[in-house]
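Here's a quick briefing to keep beside the model while you click through it. Have the viewer ready, and we'll go sheet by sheet and then to the interface.

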Protein chains: 2
Amino acid sequence: MIEAAVMGFGTVGGGVVKVLEENAGIIRRSVREGIHVKYILDLREFPESPYRGRIVHDVDTILNDPSISIVCETMGGQGAAYKFTKAFLEKGISVCTSNKELVAAKGPELMETAKAHHCSYLFEASVGGGIPLLRTIITGLPQEDITSVTGILNGTTNYILTKMEKEGTGFDEALKGAQENGYAERDPSADVEGYDTARKIAIISSIVGGGTAAFEDVHCEGITKITPADLHCANALGCRVKLLAVMKKQESGKYSIITAPFLVPAGNALYNIDDVFNGILIHGTMVDDVLLGGRGAGREPTASAVVSDVIDAAKNKGETVPCPWDGSKKLDVADYRTAKYRFFVRVPEEERAAAAGAFGDITEVSEAEEKEFSFVTPELNETEFAGKAAGLTILSRIRML
Amino acid sequence: MIEAAVMGFGTVGGGVVKVLEENAGIIRRSVREGIHVKYILDLREFPESPYRGRIVHDVDTILNDPSISIVCETMGGQGAAYKFTKAFLEKGISVCTSNKELVAAKGPELMETAKAHHCSYLFEASVGGGIPLLRTIITGLPQEDITSVTGILNGTTNYILTKMEKEGTGFDEALKGAQENGYAERDPSADVEGYDTARKIAIISSIVGGGTAAFEDVHCEGITKITPADLHCANALGCRVKLLAVMKKQESGKYSIITAPFLVPAGNALYNIDDVFNGILIHGTMVDDVLLGGRGAGREPTASAVVSDVIDAAKNKGETVPCPWDGSKKLDVADYRTAKYRFFVRVPEEERAAAAGAFGDITEVSEAEEKEFSFVTPELNETEFAGKAAGLTILSRIRML
């Protein structure tokens, strides 16, 4: 029997215990000896839980039990989670986590620690919830030169944008609805400002590119300024507005990484990824686009991903599961302003001539808002856009995929 | 250096050499020593090819070279391909193939042979072309109780159905167009009768269920009888007609496996999988639905999948890559007539009363064809349907997802 512990008996931690217990038979097909949850670390008591006998309050109980070989970190944050993770890895105990904040901030260091102690730091659940995203890139596409990754990686913002579009509501009202339905946190900034998505694409880029892309390497724009007028014009263009994470390998070999709202055209596979669902397109030079979709959040899906890591750690006991992300290297990240996109732009009607003159070969949006002029620019980089937009009253500008 | 050989220098075989050569640098990230194509077995000469120096005509040249540790079988068929594969595996040389016909027919035997000789028989490319489908199920979802798999697994038929729908043409005309564009073979029966799809879902079911599902275990209906009237009525119901492979785990633990045209409703992720693309929904009890999509055929995508297997074989030299499909077991397959579906049905207008009486709680299709009555039945199994349909003139009946 492989003995494991779960740190944090909240939503995801509870799900991890559930998956390990309910699917024990299935898991034995991969790990013959089976995986047993010996301890659950939490500050609270759970007198009603069938697992109350396994609750411990002191991490040392787990650290000092030599039978433990895998720990799931489902606590969140960068404080105790970091300290405990580091301590376990230094003892040669693998840690599987759903804590994307910690992975994005300390992933390289923790992976190096794991390597030095012949164990693994695994984080499938930190990106795309239940979708086996990282493992598909690592084990399914190691033969591919992956030149771009484009994804809807945050369910909360996708839910808000879908709601705004379907019900014609503004951002604030849609956010309130999402909060009431439990799809958004009371402090929604990590989601709506794009930080959560930025952390996830930083992790994916590090895996794809083989070196660390930090959160700070990702240019980040949120959805707070998106208006019903933007969605209306997008629809008129046969597009929908989605908060995307986009990683592009440039010809120079550098990677441009941004998180921002985009106009996604109807033919694109991400166009139909609605509500809380996540979707991701991985482009390899040989395989073309591979689409992955599913539930990017939620108790059981996220827990399922953590358990896929537990199985991997169990199968590779005593060694480090190979990962292309080399924590000792920095990814060569391009200035985001060098990446070219077409932009959807809204200006006041009286600036029609000035805008047309400045941007040149534009495509007008036929169904513009009243007293406005809307158009799509040719491909421009950020600096070029800023130059041409100088002097215009830009009501909104959104990149196009 | 890992020395490899490619058997069959046709479309896929040529692609395999291309991927291994062009992505050699990428591949070294997973297999440090690199992978080198030493021989290409083909009966033809290729005087213009840069690889002409590696062409051999006698399989014994490869069999007798002790440096070879991996062979790609991209010949197709069950004759020489089987004989050669068996011979290599018996020498402890791993074989990676795109030959779904051979996998569906002899997979269990060849996997057992591989196991006995500490090598691997791998076949990612046999299903879903470039989509890393089997590896995602095996390495990404080993923690999941997968209760259904629903997929569009044949690009040719999906292209034909998309064309019929968009252009209003009949099956014969759309098939002719597909043949002219190189999307369908001169003898299209393997595609249009559903045999190709059936082989693929047999392979997937064997992986998911852990025992062999044979081609003969799959109930198989093709698309040759689908008419523009069916597509028109499907659209009126908010659906599209797709040739699906459906594996369902029943409560009894038995698996029902069929390949047949289905009405797919607009909310389903497979609704938007068009043209030659493939898509598959994997349902696990914890993760819910995971969607995978991409190019299900074509030179580079299929070759890419073969090379993903080559990498896996190289990383596991001297041992057998674990696979949940136990070739010594038979999958417990249910009689397809026990699975329940709703059916879309067309009968002549004069049988309206009789049909309504026989099927009970039906939903009428408002935009039926002239002089016809179309409806959707409640959930019925095959035997129940046959009983109720006795005496009626069934113009068509298509299952609904």
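In chain A, strand E4 (residues 68–73) runs parallel to strand E5 (residues 94–97), and four bridges join the two. Strands here pair if DSSP finds at least two bridges between them, and helices (H or I, at least four residues) and strands (E, at least two) are DSSP runs, numbered from the N terminus. Keep in mind that this is a predicted model, where local features need pLDDT of at least 70, side-chain atom pairs count only at pLDDT 80 or more, and totals for chains, interfaces and linings use all residues. Residues are numbered from 1 along each chain as its sequence is written, chains are lettered from A and ligands numbered from 1 in the order in which they are written, and side-chain values use heavy atoms, with hydrogens and water left out.

**The sheet in chain A**

- Zoom out and you have an open sheet of six strands in chain A, in the order E3-E2-E1-E4-E5-E6, with parallel pairing.
- Its edge strands are E3 (55–56) and E6 (121–122) of chain A, each pairing on one side only.

**The sheet in chain B**

- Chain B has an open sheet of six strands with parallel pairing, ordered E3-E2-E1-E4-E5-E6.
- Strand E3 (55–56) and strand E6 (121–122) of chain B stand at the edges with a single partner strand each, so one side of each has no neighbour in the sheet.
- Five bridges link strand E1 (residues 2–7) of chain B to strand E4 (residues 68–73) of chain B in the parallel sense.
- Val6(B) has Cys72(B) as its bridge partner in E4(B).
- Helix H1 (residues 11–22) of chain B packs on this sheet, touching E1, strand E2 (35–41) and E4 of chain B, and its direction makes about 160° with that of E2(B).

**Where the chains meet**

- Chain A puts 42 residues into the contact and chain B puts in 41 residues.
- About 3,300 Å² is buried between chain A and chain B, with carbon and sulfur atoms giving 58% (buried area is the accessible area, 1.4 Å probe, that two parts lose on being put together, summed over both).
- Two salt bridges cross the interface of chain A and chain B, a salt bridge being a side-chain nitrogen of Lys or Arg within 4 Å of a carboxyl oxygen of Asp or Glu.
- Arg295(B) and Asp288(A) meet through their side chains in a salt bridge at 3.1 Å, N to O.
- E13(A) gives the most to the side of chain A that touches chain B, with eight residues.
- E13(A) also pairs with strand E13 (residues 288–295) of chain B, antiparallel, over three bridges.
- In that pairing, Leu291(A) stands opposite Gly293(B) in E13(B).

**A backbone detail to check**

- His118(A) isn't a glycine, yet has a positive phi of about 55°; find His118(A) in the loop between helix H5 (100–116) and E6 of chain A.
- His118(B) has a positive phi of about 55° too, and lies in the loop between helix H5 (100–116) and E6 of chain B.

Note on methods: Contact = heavy atoms within 4.5 Å. Axes fitted to C-alpha atoms, helices over the stretch in contact; angles between N-to-C directions.
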